[in-house]
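The sequence and the coordinates are shown first, and a description follows.

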Amino acid sequence: MIMQAATVNYGNLFNITLPETILEVVSLVVLVVDLGWLRKSAQATRMGVACMLGVLGCVGALFWLLVHPTAVSVDGDALVATPLVAAAQVGILLLSALVFLLSIKTEFSRNPGEFTAIVLLATTGMLLVTAARDLLVIFVALELLSLSLYVLTAFAKRSAQSAESALKYYLFGGMSAALMLFGFSYLYGLTGTTNLTLMAPALSGGTVPLAIVALVLVAAGLGFKVAAVPFHLWAPDTYQGAPAPVTALIASGSKVASFALLVAVSDGVIAPFYSANGNSWIVLLLTMAIGSIVLGNLAALAQTSVRRLLAYSAIAHAGYMLLGIAAHTPQSGAAVLYYALTYALTTVGAFGVIGIVERSTGSDRMDAFAGLSRRNPLLAGTMLIFLLSLAGIPPLVGFWAKFNLFSAVLRSASAGNWGLALVAAALGASAISLYYYLQVLKRIYVLKPTQDEPLHVSSIELATLLLIALAVVALGLLPGMLSAWIPLG
Amino acid sequence: MMPLLTVLTLIPAFAALIALFAGNRASVARGVAFIAALASLALSVWVWLGIGSAGSDGSMKFVEHASWVPALGIEYHLGVDALGALMLLLSAIVSLMAIAASRKITHQPGLYFALILLLESGLFGTFTALNFFHWFLFWELSLIPAFFLIKLWGGEGRGRAATQFFVYTMVGSVALLLAFLALFVSTNSMDFETLARLAATGELTTAIQAHLGPISLWLALAVVLGFAVKVPLMPFHTWLPATYAKAPTPVTMLLTGAMSKMGVYGLLRLALPIFGRELAEVRTPLLILATLTVVAGAWAAVVQRDLKRVFAYSSINHLGYCLLAIFAVALPSSPNSATSLSQTIALDGVALQMFNHGLTAAAIFWFLTMLEERSGGQLHIDGFGGLRKPAPVFCGLMGIALFSSLGLPGLNGFVSEFLIFRGVFPLSWVPATISVLGLLITAAVILTVIQRVFNGPLAERWKDFPDLTTGERLAVAPVLVLMLVLGLAPQLVMGSINATVMHLIAGWKF
Amino acid sequence: MLAYTIYLSFAGALMLAFLPRAWNAGARFFALAIALAGLILALLGFIAGSGQSTVAVADLAWVPSMGIHYTLAADGISRVLVLLTGLAAVAGVLFSWNIGTKDGDRANEFFAFFLALIGGVYGVFLSVDLFLLFVFYEIAIVPKYFLIAIWGSTRREYGAMKLALYSFAGSAMVLIGLLAAYAVAGSHTMNLHELAQYPFPVSFQMWAFPLVFTGFAILAGMWPFHTWAPTGHVAAPTAASMLLAGVVMKLGAYGCLRVAMALFPHGLDPWGVSFLGIDSWRTVFALFAVIGIIYGAAVALVQNDFKFVIGYSSVSHMGLVLLGLLTLTQIGIDGAVLQMFSHGILAGLLFATVGRIVYERTHTRDLAQLSRLQLGKAMPFAAWLFVIAGMASMGLPGFSGFVAEVQVLVGAWQAFPWFAVVAGVGIVVGVAYTWRAMQRAFFSEAWAHDPSAPIPEYEPITWAEKAGVFLLAGTSLLIGLYPRLLLDAITPAVQALPHALLTGGHQ
């Protein structure tokens, strides 16, 4: 084992972390603006201004990322900036911006400034997670993200459910963070370095049972973040209790970041290790994948709350993505990222609609959606697009993402024995998923509404949702649009 | 060269469409039907004359031949020889008679006459077809209107009768279809003439053997079954009495006058040429059945109390002679000139008997219609009596028809029956002898009818039985004249028939 | 030009979806215009293509890195089926003419879903890229659900969900097969013709074929996966039933031929072992098809709901189609494609009679109740329409069904003699159930006990219904009398199918 002291290239580091810096600065600005100037203004104005500032911050960081594409990064750096990382970061920033746009009209919080600031901090954490390649940086970034999310979950102070779910999230998350750190410490002990790229050759040396333990613990931590079985127990309650924009954030950006990280860890570190040591890591991933797919789809069948339904479906989707990771080829990694990004986009839209319906009807049960197509056809249309994309119906992007992912899995050499069977199982499960998505759509389109008056939606929310829906359709028709960032095939 | 046969077949069909639009206006519908039937009659006379004048070699005339669905061996192949032309003539005459007899139809007349015309079209199509698809198309086409005519305008219990008629005939049709499908699979052809040629040389049996196995006898029996139901041959006749009785009488005219001939014609055109050898193998059982048909048909007529049923069974008897002759002709031994002469005579008789019986039976049922109209719907054999006095013309004219049916020399019925017996005796004397019984019993039946209906004491209620009106007399007269003419000068018809029959027999092999 | 059938339909659907609610009554006119345009294009395409084997329609790179192209082309079989779709679309709109006349009809949405379904169907028949074909196949699923769930009748939500889930499950099976084929063939093309040339290993074909065939056959209503069909068709509103039984089931059969049989012809080879006479997937599926023919016919014979009779008869007729496909003979496959067209037209006609003309007026489909209504006199148009449609459906010569059924039987005889016999029996049972339904519904004498009962009065037959009837019945009659109109296009296309297919499944 080699102990290598990597020299830190600070110039590089600054360049790479400029987006995060922008976000941090903006979060401070928001706090100042909100707690300073706008203190006496109306709640709605404060929320509007804060969210718009948040959007601006995200857009600014996005702009910088686009204008300064992949900066130079050196192997051995704690943070990297490859095209895939950049793609993931762009996606995360977009998602956060969308979450902000959908939060403008919400009324759950009396502290808009803090809300925006913490969301921006969470976004920062996501960006860092995506780019991190050093164990400590990974941990810090993950904690930044997680702590922000715990707080955000509890933000609806008037709701007991929000507080309870935040507590559950926090307890669960704290424990899995601890486990992960423990695993990291073993990895450091085994290899003498915390840098992922330096760790890889060190691990491929020989079989060490301790390494397997370490990997299991790491898997626990990362599995928690993506809500895979058996680390999923927090998801339904959290999705249900948190305010709608927060759930959107948890379901979208946080997932993208975690999967990006998982791809990096799995491909970069573990791949060389397990190719010499049998398939224990793959078996682990596959177990988690199958469990997630089966449990997620079956449990979703029985739900009456749309939020919990989407939570269990999120577990199932995580399962599909884990299959992609288990295939560990560059194509499958790109496919997982593509899937995560498009899934996240769709989910933001879906939770946006849920938030609007909840505000109007006061409930997240399926029956609250009854007759939505009559009350607001445009809103219903966007929900139709989102749910069908989640089900994987062409010509929406969800279908494409699934196709891409499964074909990448089937083409990977290591998938030989298990690939076809598991893809078949995954497709079968996604056939089941159509049932529960159709249940929601049935309420929206088929059943009669309980309240007849039209459901009013503010123009900015409607515009955002339409934009997302349009993107889902466009990406479904022309999936090549993203191929500049994420190569297909 | 105008496609005469196609035009002939289509005239009634188009007229049917026009008649449909007449709706409830009976006179319009009847008028349309009349005109169409007259036009058809004219055309069929033209065809008949054309047959006679185009030389008497007996081959097919007015042939129309075009490719239709080559993949299935289906061609548009029409043609008539003297036999076919005679049947066309018969169909046209009987249809005209049926339309003339349908004066009292008040309920949905447009539909009624449309169906009658469709039936006529079906008859024309069947008698001119030389390819199985075309033939089968019109065979089935005639079935549907017949069913509805019975079902919608018939008497008590017509539903069951109609269904029975349909089911029986359908079973026969299915058997025919299967047999011809098997033939197609073996030979790739559905053309009657081609199949007949193959059968004569023996290639057909070989082909069937090669493709399907030794089932040519079963195919033959299937084909015979299809026709046996139609003619009918006992024991497949059980649908007939009920149907003839329950159907509206003009429809019965069509059924007995023309539709039953489809079966006999089918045996002549399809069964004998194509399956001659196989029929020769089962000749004896078939002859037994034919004899049974003749005798039992006549015997059953004796015990009937309803006049329509009497003549229904009598029809069975009369057509039994045709069947007798046809099966007798299928002689398995090698032909010498005496047998072939007898065969020719027998088949001449069959052809003539078809025409004669058609004419006669239709005429009798026409008279029954008139009787029915005057008696308020009942036709019980004991319900009349002494009608000779109030209605002498009626009695006289109906008498002519009845005596023709009996086979009185000088009327047409005699000639055909004579020819049949003359031909069958040398070929197979036992069935022929037993069938003579049929003649005797028929005589008894007819005379009984005359006795009960026209002679005897005149019942009170029939004192004012109206005689035939002038219109009715004029309408019926041509038919009766034809009966007389044919009885006295059958060679008007027999010349062409004989040539055709000789031509046909020359090409058959048993 | 043929591609515009697809584009017009989707564009029409989109426009209808955004139409303001006040314009409800106009929705049907708009839909009719789109459907007619589609039909005219299909007809023109059919005529223009006669004499050519394949008409290339469009070819664009879509995701070139994965070898996926937007390729449309139409050979004879596709042209025939596109024509069928056009006819069914126009007829469907005509028979839905009353939607939009009442408030709350949601006519915009109805016709939007209808046109979206049509667009998807056009797409499947025209696609040459396998991925594209699958996309269109899946697109068709969701409109079906909504059409039935919102505007249907008996147990509509259950029927809709069952139909959607079965279709989706079938398509999932197909997708697995597709993905596997794509991966095995090197993942650089999804073009049907190129994949058909690829020599997939026989062991691969042996499991890929039954998987993909079953997936498509579920949509085609093959026994024992057919149970969605009667429930769904009965639950659906008339236009949807016409489309579902008439065209959408044909999607399944088309997929069986175009994808399963063309890509994996050696999946039909004998296994080498034989259980009770079953020696290959070909025999297995032929057996299922034949059971479907008999079972569908037998069950139709005992139904008391008029629409269920037609629903089960569709299962029976589709069994005949599948049998024809599996004979692997020129004549059998010709017959199968012709039967697809013929049954598409006739199913439309039958559902239109039962659902629209009778049910809309009498509000009952129970045969016992109908037999008391003297419908033969009260609704002569409907009665005679059913007679004609029924005769055609029975296979009466002169209508389109006869030639098709004869061809299938002849082909079946060459391949599976015993199955041909059973199929023949099934056709005879078909005569029986049609007859029974016709008798009881229209010409029954149950009312004869009370002859003075007045004949019920019903609304007259609208012009839209008459137009639809003449369109469909006329087509069936035309094709029945001159089947070469279609066979001339079908036969060369069948001959052009991959060589391994028509050698009878053996080498």
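## Chain B: burial and overall form

The model described here is predicted. In chain B, buried residues account for 60% of the 510 residues. The secondary structure of chain B consists of 19 helices and 2 strands. Its radius of gyration is 22 Å, close to the 24 Å that the globule rule gives for 510 residues, so chain B is as compact as a globular protein of that length.

Along the principal axes, the C-alpha atoms of chain B fill a box of roughly 70 × 55 × 45 Å. Among contacts in chain B with a separation of 6 or more, 80% are between residues 24 or more positions apart.

Chain C contains 22 helices and 4 strands. For 507 residues, a compact globule would have a radius of gyration near 23 Å, and the 22 Å of chain C agrees with this. The box filled by the C-alpha atoms of chain C, taken along the principal axes, is roughly 75 × 55 × 40 Å. Of the 507 residues in this chain, 65% count as buried. Residues 24 or more positions apart make up 81% of the contacts in chain C with a separation of 6 or more.

One element of chain C may be considered in detail. Helix α3 of chain C covers residues 76-94, which is 19 residues. From its first C-alpha to its last, α3(C) reaches 27 Å, close to the 27 Å expected at 1.5 Å a residue. Because 19 of the 19 residues of α3(C) are buried, this helix is largely enclosed by the rest of the structure.

## Chain A: confidence and domains

The mean pLDDT of chain A is 85, and 90% of the residues score at least 70. Within chain A, confidence is lowest in helix α1 (residues 10-16), with a mean of 73, and highest in helix α6 (residues 135-153), at 93.

The domain assignment divides chain A into domain 1 (11-269) and domain 2 (279-489). The C-alpha centres of domain 1 and domain 2 of chain A are 21 Å apart. Their contact involves 43 residues from domain 1 of chain A and 43 residues from domain 2 of chain A. On the side of domain 1 that touches domain 2, the elements giving two or more residues are α4 (83-103), α9 (209-226), α10 (234-241) and α11 (244-276) of chain A. The most is given by α11(A), with 15 residues. By class, this side of domain 1 of chain A has 31 nonpolar, 9 polar and 3 charged residues.

## Contacts between chains

Chain B and chain C are in contact through 17 residues of chain B and 21 residues of chain C. On the side of chain B, α5 (132-153) and α6 (158-187) each supply at least two residues. The residues of chain B on this side divide into 14 nonpolar, 1 polar and 2 charged.

The contact of chain C with chain A takes 26 residues from chain C and 28 residues from chain A. Helices α5 (130-139), α6 (141-151) and α7 (156-184) of chain C each supply at least two residues of the side that touches chain A. The largest share of that side, 13 residues, comes from α7(C). The side of chain C that touches chain A has 22 nonpolar, 2 polar and 2 charged residues.

## Local features of the loops

In chain A, the loop between α9 and α10 holds both Ala227(A) and Pro230(A). Ala227(A) has a positive phi of about 60° although it is not a glycine. With 29 C-beta neighbours inside 10 Å, Ala227(A) counts as buried. A cis peptide bond, with omega of about 0°, joins Val229(A) and Pro230(A). Arg110(A) is found in the loop between α4 and α5 (112-131) of chain A. Arg110(A) is partly exposed, with 13 other C-beta atoms within 10 Å. The C-alpha atoms of Arg110(A) and Ala156(A) are separated by 8.8 Å, although these residues are 46 residues apart along the chain.

In chain B, the peptide bond from Met234(B) to Pro235(B) is cis, with omega near 5°. Pro235(B) is placed in the loop between α9 (216-230) and α10 (240-246) of chain B. Asn188(B), a residue other than glycine, has a positive phi near 60°. This residue, Asn188(B), lies in the loop between α6 and α7 (192-201) of chain B. Asn188(B) is partly exposed, with 14 other C-beta atoms within 10 Å.

Notes
Residues are numbered from 1 along each chain as its sequence is written. Chains are lettered from A and ligands numbered from 1 in the order in which they are written. This is a predicted model: local features need pLDDT of at least 70, side-chain atom pairs count only at pLDDT 80 or more; totals for chains, interfaces and linings use all residues. The radius of gyration is taken over C-alpha atoms; the globule rule is 2.2 Å times the number of residues to the power 0.38. A residue is buried if 20 or more other C-beta atoms lie within 10 Å of its own, exposed if 12 or fewer, and partly exposed in between; C-beta atoms are placed from the backbone. Two residues are in contact if their C-beta atoms, placed from the backbone, lie within 7 Å. Domain bounds come from an automatic or database domain assignment. Ala, Val, Leu, Ile, Met, Phe, Trp, Tyr, Cys and Pro count as nonpolar, Asp, Glu, Lys and Arg as charged, and the others, Gly among them, as polar. The expected span of a helix is 1.5 Å times one less than its number of residues. pLDDT is the predictor's confidence in each residue, from 0 to 100.
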